[in-house]
Amino acid sequence: MLNSYIRWIKSYFPMALPLGESQTDIVPIDGKTIRVSRGKGKRAVHMVSAWSSRLRLVLGQKKVDTKSNEITAVPELFEIIDLKGALITADAISCQKSIAAKCIEKEADYLLAVKGNQETLQNDIQAVVESHWEQNPVDQPCDNFAEQRNTGHGRHEYRCCWVFNDLTLLSTLTEWEGLKQFGVVQADRTIDGKATTALRLYITSKAMTAEEMLTATRIHWEVENNVHWMLDIAFNEDACLTQDKNASENLSVLRRICLNIFNMDTANKGSMKRKRKRAGWNNGYLAGLLNRYIFGEDSGSNANDYPRA
């Protein structure tokens, strides 16, 4: 089923890749555990997904082997999707030399979060950043600095980013293929009067401005909000009682197919739950969705032309 899914994506969206420099697609990579699939003495099924921020679709997914983890699953996912020209973003578990090398091999760029699993690299970046802040006060903007402010739903957020091009102080420089920059993002949030601050470190193979890095790190969270959260809330994935590993994987693929189909429907407004209900109640709407999925074109039919199921 997974191979059929990949073939559908490639056939229906031939314009996805490759891209020109002005059309770079940011592709967040992240894993999600199907919690109820955890059986007695068995690990839960864990799926790694690739999300296209430009197409607003899941490009592909890969199940993590029982005796493995995301570190081995991510390069395998890269092998089955076309990433040429894309900027791959990933959290710290995927900050691995082998994954960075695979991105370069696939003619893509990477933007990887750095944490304690790469202790030497983390310490080197922190030392450079702290030295910069001592010489240049953090409240004094510079050429490699950008900031963004957002307010809504009772939340105030301030995010800023510093980008560094001098890699000579990184002792592990030669171990990271294609590395061109590193940066730090500071996120200050105030929710219901409670303030929090977080600092996140990144390495990248793509020369970016601070504004571009700040935007890319924010877009990375789309895979959480538009895929994982949607699968849980709109499709109740974590409530599925299927514990057979193959069945869990197949159902996971089907949910992502449905998610993509509903995301492709931009003509009809409404939440994902509302679209799912409408597809179950209205044969015309369902026929239009299936025509688009099967034939790669809009059926041209109006949902009101058909009786309800």
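Ser94 sits in the loop between β4 and α3 (97-105). Ser94 is also buried, with a relative accessible area of 1%. Buried here means under 20% relative accessible area, while exposed is over 50% and partly exposed lies in between, with a 1.4 Å probe and protein chains only.

A quick word on what we're looking at. This is a predicted model, where local features need pLDDT of at least 70, side-chain atom pairs count only at pLDDT 80 or more, and totals for chains, interfaces and linings use all residues. Residues are numbered from 1 along each chain as its sequence is written, and side-chain values use heavy atoms, with hydrogens and water left out.

Now the overview. The protein chain has nine helices and nine strands; these are DSSP runs numbered from the N terminus, helices being H or I with at least four residues and strands E with at least two. Of the 309 residues in the chain, 48% are buried.

On to the sheet. It's an open one of nine strands, in the order β3-β2-β1-β4-β5-β9-β8-β7-β6, with mixed pairing. Two strands pair if DSSP finds at least two bridges between them. At the edges stand β3 and β6 (145-152), each with a single partner strand, so one side of each has no neighbour in the sheet. Neighbouring strands are turned by 25° against each other on average, direction ignored.

Let's zoom in on β1, residues 26-34. Eight of its nine residues are buried, so β1 is largely enclosed by the rest of the structure. β1 pairs with β4 (residues 87-90) in the parallel sense over four bridges, and six bridges join β1 to β2 (residues 45-52), this time antiparallel. Ile29 shows both: its bridge partner is Ala90 in β4 and Ala50 in β2.

In β3, Lys63 is the bridge partner of Met47, and Val58 that of Trp51.

What about the inside? The largest nonpolar core has 43 residues, and those with the most contacts inside it are Ile29, Ile88, Ile125, Trp176 and Ile203. A nonpolar core is a set of buried Ala, Val, Leu, Ile, Met, Phe, Trp, Tyr and Cys residues joined through side-chain atoms within 4.5 Å. A second, separate core of 17 residues includes Trp51, Phe235, Phe262 and Met272. In soluble globular proteins, nonpolar side chains tend to be buried together.

Last stop, two helices. The axes of α6 (residues 222-233) and α7 (residues 245-264) come within 11 Å and cross at roughly 115°. Axes are lines fitted to C-alpha atoms, for helices over the stretch in contact, and angles run from 0 to 180 degrees between N-to-C directions. On the α6 side the contact is made by Asn226, Val227, Met230 and Leu231, and on the α7 side by Arg255, Arg256 and Leu259.

Conventions. Contact means heavy atoms within 4.5 Å.
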